[in-house]
Amino acid sequence: MIKQITGLLCLTASIAFAQTPPKPYGALPAPRQVAWHETEVYGIMHFTPTTFENKEWGYGDADPKTFNPSDFNAEQIIQAAKAGGLRGIVLVAKHHDGFCLWPTKTTDYNIAQSPFRQGKGDLVREVADAARKHGLKFGVYCSPWDRNNAKYGTPEYIKIYREQLRELYTNYGDLFMSWHDGANGGDGYYGGAREKRSIDNTTYYQWDSTWTNYTRKLQPNANIFSDIGWDVRWAGNEDGSVNPTSWATLTPKPSEGQNVAVPGQANATENPGGTRGGKFWIPAECDVPLRKGWFYHANEKPKTPEKLFDLYLKSVGRGAALDLGLAPDTRGQLHNDDVVALKTFGDHVKNTFATNLIGRASSKAVNVRGYNSIYSAKNLLDGKPDTYWATDDDFKTPEVVIEMSQPVVFDVISLQEYIKLGQRIEEFAVDAWIGNDWKEVYKGTSVGAKRLAKLDVPITSNKVRLRITKSPVSIAISEFGVYKDSE
């Protein structure tokens with residue numbers, strides 16, 4: 001009887017262990033950050049009086065009547081973005097020139113004073129509505145630096161800025177991002193003063209209370225972007241890429257000589273690679289203009305689709321996101337060159353990743369957590385992000401072999417961790433069965449939300465092997481795939 005009870009207890013314990021998922025490792029993403037990772041590619045749109053002045057940064061003294069697009073068409077812009085594979089759009093609702101693209105009550109320097117829609121227009125509303133109509137997420141950028149406002153640099157301006165955020169947060173539906181950069185004062189119009197104004201950006205904007213009491217309360221699903229997060233960090237450049245080894249975690253550090261890390265005063269040398277074992281989950285956004293500048297200039301051309309695909313591999317393919325700068329022309333539409341470049345790029349990505357060439361193959365792993373099919377290696381090939389292959393706690397460097405019925409030709413490798421349990425893998429390798437032996441075709445480091453590798457030459461094989469060669473804990477991998485570049 002005692003032996004039966006003991007056996008039953010052991011069986012019960014075994015079953016309980018088999019159902020226990022791996023323990024989370026390190027900092028973890030919030031649900032809004034998981035949704036952000038799934039967005040992967042989005043755009044940021046610059047369109048203010050600066051467009052009509054053919055400048056990159058407006059001084060803040062342009063007459064509101066300068067803003068007069070001849071044929072603004074939000075749907076043309078959004079449809080071009082969607083064709084490019086973009087899944088969201090961040091609108092620069094106010095740039096440093098201080099001109100507001102919505103009829104704000106905080107300043108007369110806004111779209112209601114322009115000829116647009118006979119003074120009754122709301123460009124934020126039009127872009128938000130068009131984005132949602134076509135299935136894109138919507139976010140806003142509202143510059144804290146305002147080169148037009150006479151009160152900039154005084155405590156009164158912070159009240160104005162926060163009220164502008166409140167208007168944007170409460171009148172335009174759910175936002176997926178609230179975007180903040182590090183421009184912090186300098187020369188400007190300032191209501192006619194035409195002078196240089198300096199502020200202490202470590203204290204002036206009171207970011208902690210602004211983000212806590214406004215962004216988090218009014219838009220809890222919006223990811224806060226800045227040099228330091230709180231949710232998404234700047235990549236440290238405007239080139240559209242992060243380091244080959246890039247961690248989604250970060251411990252923000254202040255600039256030299258400062259005691260606090262804030263937008264514009266952060267140690268950006270950390271940003272391209274993140275911090276292994278960092279205190280917070282703050283993945284990188286790779287922002288880069290589609291053309292040379294953020295605003296439209298007739299003498300510029302968009303990046304080639306081949307360049308955009310390369311940036312995709314160096315951003316999304318390194319666990320970050322790609323944020324493409326879109327610049328409408330003076331009509332208020334994207335130039336046809338931009339439309340064509342976006343469409344060709346979007347088709348390239350879509351066609352390349354349309355079919356996982358090992359999606360119907362068989363898998364054989366050296367270990368499955370608790371011998372439980374819930375954690376089977378088959379999950380690597382099912383195309384479902386919420387299933388994953390997991391190993392027992394003492395299996396930190398496992399491997400899995402994928403065997404196809406027929407050889408396939410591939411030159412792109414994709415790997416995704418189940419990031420709800422953290423970023424775990426530190427090194428991995430992929431082998432292909434060539435001739436009568438395994439040949440290593442790629443080795444990499446960080447994985448996270450997604451790792452993409454473009455091989456120098458295509459590989460033909462009927463078997464591939466994934467080896468995890470370094471990890472501090474057991475693994476949890478959601479997807480593994482090989483693809484053929486469609487170019």
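Visitor: Let's start with one residue. Where is Arg424 found?

Guide: Arg424 is in the loop between E15 and E16. Keep in mind that this is a predicted model. E15 spans residues 399-417 and E16 spans 427-434.

Visitor: Is Arg424 buried or exposed?

Guide: The idea is to look at relative accessible area, where buried means under 20%. Arg424 has 1% relative accessibility, so it counts as buried.

Visitor: What does Arg424 touch, once close sequence neighbours are set aside?

Guide: Leaving out residues up to four places away, its contacts include Pro22, Lys23, Pro24 and Tyr25. Among the others are Arg276, Glu417 and a run from Ser471 to Ala476. Its side chain also reaches the backbone oxygen of Leu421, at 3.0 Å. For a view along the chain, the C-alpha atoms of Arg424 and Gly448 are 7.5 Å apart, though 24 residues separate them in sequence.

Visitor: And Gln423, is that one buried or exposed?

Guide: Gln423 has a relative accessible area of 4%, so it is buried. It sits in the loop between E15 and E16, and its side chain reaches the backbone nitrogen of Ala248 at 2.8 Å. Beyond its neighbours within four places, Gln423 is in contact with residues including Tyr25, Trp247, Ala248, Arg276, Trp281 and Gly448.

Visitor: Trp247 and Arg276 both turn up there. How do those two sit relative to each other?

Guide: Look for a charged end over the face of a ring. Arg276 lies over the face of Trp247, at 4.3 Å from the ring centre. There's another case with a lysine: the charged end of Lys463 is over the ring of Trp433, 4.1 Å from its centre.

Visitor: How many aromatic pairs does the structure hold?

Guide: It holds 29. For any pair, check the distance between ring centres and then the angle between planes; over 60 degrees counts as edge-to-face. Trp211 and Trp230 have ring centres 5.2 Å apart and planes at 75°, so they make an edge-to-face pair. Trp211 is in helix H7 (207-218) and Trp230 is in the loop between strands E7 and E8, so the pair ties together parts 19 residues apart in sequence. Both belong to one aromatic cluster, whose members also include Tyr152, Tyr190 and Trp207.

Visitor: Which non-glycine residues have a positive phi?

Guide: Arg117 is one of them, at about 50°. Arg117 lies in the loop between E2 and H5 and is partly exposed, at 35%. Tyr371 is another, at about 55°. Tyr371 lies in the loop between E13 and E14 and is exposed, at 78%.

Visitor: How do I read a helix, say H4? Which of its residues are buried?

Guide: In general, an α-helix has 3.6 residues a turn, so residues three or four places apart point the same way. In H4 (74-83), the buried residues are Ala74, Gln76, Ile77, Ile78, Ala80 and Ala81. Their cover includes strands E1, E2 and E12 along with helices H5 and H9. At the start of H4, a side-chain oxygen of Asn73 comes within 3.1 Å of the backbone nitrogen of Glu75. Just after H4, Gly85 has a positive phi of about 85°.

Visitor: Which domains does the UniProt record place here?

Guide: An unreviewed UniProt entry places "Glycoside hydrolase family 29 N-terminal" at residues 36-350. That stretch is 27% helix and 17% strand. The record also places "F5/8 type C" at residues 364-470, a stretch that is 0% helix and 55% strand.

Conventions: Residues are numbered from 1 along each chain as its sequence is written. This is a predicted model: local features need pLDDT of at least 70, side-chain atom pairs count only at pLDDT 80 or more; totals for chains, interfaces and linings use all residues. Side-chain values use heavy atoms; hydrogens and water are left out. Buried means under 20% relative accessible area, exposed over 50%, partly exposed in between (1.4 Å probe, protein chains only). Helices (H or I, at least four residues) and strands (E, at least two) are DSSP runs, numbered from the N terminus. Contact means heavy atoms within 4.5 Å. A polar contact is a pair of N or O atoms within 3.5 Å; within protein, one must be able to donate a hydrogen and the other to accept it, and residues adjacent in sequence count only if both atoms are side-chain atoms. Rings of Phe, Tyr and Trp (its six-membered ring) pair if their centres lie within 6.5 Å; planes under 30 degrees apart count as stacked, over 60 as edge-to-face and the rest as tilted. A charge sits over a ring if NZ of Lys or CZ of Arg is within 6 Å of the ring centre and within 35 degrees of the ring normal. UniProt positions are given in the numbering used here, feature names are shortened, and annotations may be inferred rather than shown by experiment.
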